Amino acid sequence: MPTSDTLPIFRNEEELSRLPASERIRYRLIGADCRYHANDNIAEHIRPGELDELKREVEAKMQDVLQALVIDTDSDHNTNETAKRVAKMFIDEVFRGRYVPPPSVTEFPNFSRLNELMIVGPITVRSACSHHLCPILGKVWIGLLPNEHSNLIGLSKYVRLADWVMTRPQIQEEAVVMLADALQERVKPDGLAIVMEADHFCMHWRGVKDDDSSMTNSVMRGAFLKDPNLRREFLALLSKKSGN
């Protein structure tokens, strides 16, 4: 893997265009000293048309994986198109949050000076464990304490932002923090609380194969961190909404 110290120098875009799309994108990321971990969004460094190229690359590599698993994709009609389907699923669906810009979110001034607790959820979220690429399926609850300077966004925008953050390979603890950062930047509330409860299929499908385990974690910021009464109110209302 090249580093910024060993990065080759291409004189023009024509030379760069001869590389596979994944190498061109990686070249730009390294040149910009930009991290590209599994849960990072890299959309800023992807040019028009390169996602289609990337899908073709992933398809070819996935075909190699199937061959290494000794699966005869030529005569097995069930796996004829599997590599292509998996490539499309990874880029366009389950890891989509890595490759596309954040959703457009219209923000409205808080003309009514709302300053009472708001709860959004449960929002159904789908992610993937970055350790085994197994599904993570769960729900998210968001608590907000706006102030007169906060921006307000529509309910559907919470869902879109959550989907954008969650559709990446990651661990649940980091996903919740990233969602909190995205909301804090846009809404600027006095307090922000997020609770996520999810099933991890790396527990159900492999390893200990425990079907009853789930994981719940939270992020508390601002007023929710400082005011225990507000925190208790949020958690009590959340419990009623989730039916627990």
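Helices H2 and H3 lie oblique to each other. Their axes cross at roughly 125 degrees and come within 8 Å. This is a predicted model.

**Where H2 meets H3**
- H2 covers residues 21-31, and H3 covers residues 50-68.
- From H2, the residues in contact are Ala-21, Ser-22, Arg-24, Ile-25 and Arg-28.
- From H3, their partners are Glu-50, Glu-53, Leu-54 and Glu-57.
- Sorted by class, this contact holds five charged, three nonpolar and one polar residue.

**How H2 is covered**
- H2 is mostly covered, with eight of its eleven residues buried.
- The buried set includes Ala-21, Ser-22, Arg-24, Ile-25 and Arg-28, which also meet H3.
- Tyr-27, Leu-29 and Ile-30 are buried in H2 too.
- Helix H1 (13-17) and H3 are among the elements that cover these buried residues.

**Just past H2**

**Helix H4**
- H4 runs over residues 82-94 and has 13 residues.
- How far apart are the end C-alpha atoms of H4? They are only 16 Å apart.
- A straight helix would reach 18 Å at 1.5 Å a residue, and H4 falls short of that.
- Thr-82, Ala-83, Val-86, Ala-87 and Ile-91 are buried in H4.
- H3 is included in what covers the buried residues of H4.

Notes
Residues are numbered from 1 along each chain as its sequence is written. This is a predicted model: local features need pLDDT of at least 70, side-chain atom pairs count only at pLDDT 80 or more; totals for chains, interfaces and linings use all residues. Side-chain values use heavy atoms; hydrogens and water are left out. Axes are lines fitted to C-alpha atoms, for helices over the stretch in contact, and angles run from 0 to 180 degrees between N-to-C directions. Helices (H or I, at least four residues) and strands (E, at least two) are DSSP runs, numbered from the N terminus. Angles under 35 degrees count as roughly parallel, over 145 as roughly antiparallel, 65 to 115 as roughly perpendicular and the rest as oblique. Contact means heavy atoms within 4.5 Å. Ala, Val, Leu, Ile, Met, Phe, Trp, Tyr, Cys and Pro count as nonpolar, Asp, Glu, Lys and Arg as charged, and the others, Gly among them, as polar. Buried means under 20% relative accessible area, exposed over 50%, partly exposed in between (1.4 Å probe, protein chains only). The expected span of a helix is 1.5 Å times one less than its number of residues.
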